[in-house]
Amino acid sequence: MEYRKLGNSGTSVSQLALGTMTFGAESDEATSHAILSEYAAAGGNLIDTADVYTAGASEEIIGRWLAKNPSERDRMVLASKGRFPMGDDVNDLGLSRRHLRRALDASLRRLGVDHIDLYQVHSWDPLTPLEETLGFLDEAVVQGRIGYYGFSNYTGWQLTKAVMIARQRGYSLPVTLQPQYSLLVREIEAEIVPAVLDAGMGMLPWSPLGGGWLTGKYSRDTEPTGATRLGENPQRGMEAWEKRNAQDRTWRIIDTVSAIAAERDVNASHIALAWVAAQPGVTSVILGARTQEQLTDNLASSDVVLTAGELRQLDDVSAPTFGDYPYGLPGIEQRSRRIDGGR
């Protein structure tokens, strides 16, 4: 397992993080604990959860595993999030000082710890002033209740504005951003990745396998069935079957991933995960396994290092489509400059 800096902090984390959204929902407690133990045995040390995952059950399951494994409790870097509703009251959501204080207290209690290493705001809140949110996060760092803070699902301008306010006010700076990122979803490269790199932060990509599409288990024009996420719910969220199946780009990417995997004699998932891990600004790739077998397969991707030629193949086939301006080639050329001058 390779280790990298947690964004612009001094903490080291494994290149593969364990996402726990399935805990308490798609994975029962025994399965979840087995997944945690295997991840730890493989050298992984970054566990990512959120208060809203199965209404707090994910944090509780992790807390009970940590209590049973005190040596791992000291080694693990814990990451959680707050923002979304955990109750029905008008103030039981958002990024206000009031809600975040209660959300953090509840997460600490469920996890059974006295501090969370990385506390992330789960999404943008258009109603709460950034100064209020950042002030709370800075206080939590000073008080030792969290080690660092980061953002999840922020756009480029939102991230940059937050970083500028934190710098102007002398607050602790954010260290990470959690975006959706995979060979199928590369739109963040237009504005969000440059904003992350400009701020010196790191990324913790979620859904690196495109909701299972990049594992190679689906076939074109054959609606999935059985015990898979799309088999159980073909209309599931952003990875819904009908929309992605209709796009030729989806299948060109899958075919290329599968071809490289066959040449390497590895699983398609290893290639897709290795591509994300190799992208600029990526600190750790979040694995979302619902079974121990899925985790075992995904962990094996840490041994795969793609060649420059393989990266080019994957970059070319998955290149996102933008209009000419501002994100297409004319816009890129307009923003570029040759060091030796010229027209």
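Where is the place of Ala 42? In this predicted model, Ala 42 sits in the loop between helix H1 (29–41) and strand S4 (46–48).

**Ala 42**
- With a relative accessibility of 33%, Ala 42 counts as partly exposed.
- Leaving aside residues up to four places away in sequence, Ala 42 touches Met 1 and Leu 299.
- Met 1 and Ala 42 are separated by 41 residues in sequence, and their C-alpha atoms are 7.2 Å apart.

**Salt bridge between Glu 29 and Arg 64**
- Glu 29 pairs with Arg 64 in a salt bridge, with 2.8 Å between the closest N and O atoms.
- This pair links distant parts of the chain, 35 residues apart: Glu 29 belongs to helix H1 and Arg 64 to helix H2 (residues 57–68).
- Glu 29 is partly exposed at a relative accessible area of 29%, and Arg 64 is partly exposed at 38%.

**Salt bridge between Lys 81 and Asp 48**
- The side chains of Lys 81 and Asp 48 form a salt bridge with an N to O distance of 2.8 Å.
- Because Lys 81 lies in strand S5 (residues 77–82) and Asp 48 in strand S4, the pair ties together parts that are 33 residues apart in sequence.
- Both Lys 81 and Asp 48 are buried.

**Salt bridge between Arg 264 and Glu 310**
- In the salt bridge of Arg 264 with Glu 310, the closest N and O atoms are 2.9 Å apart.
- Arg 264 is in helix H10 (residues 248–264) and Glu 310 in helix H13 (residues 308–317), so the pair ties together parts that are 46 residues apart in sequence.
- Arg 264 is partly exposed, at 27% relative accessible area, whereas Glu 310 counts as buried at 9%.

Definitions and conventions
Residues numbered from 1 in each chain as written. Predicted model: local features only at pLDDT ≥ 70, side-chain atom pairs only at ≥ 80, totals over all residues. Heavy atoms only, no water. Helix = DSSP H or I, 4+ residues; strand = E, 2+ residues; numbered from the N terminus. Buried < 20%, exposed > 50% of the residue type's maximum accessible area, 1.4 Å probe, protein only. Contact = heavy atoms within 4.5 Å. Salt bridge = Lys/Arg side-chain N within 4 Å of Asp/Glu carboxyl O.
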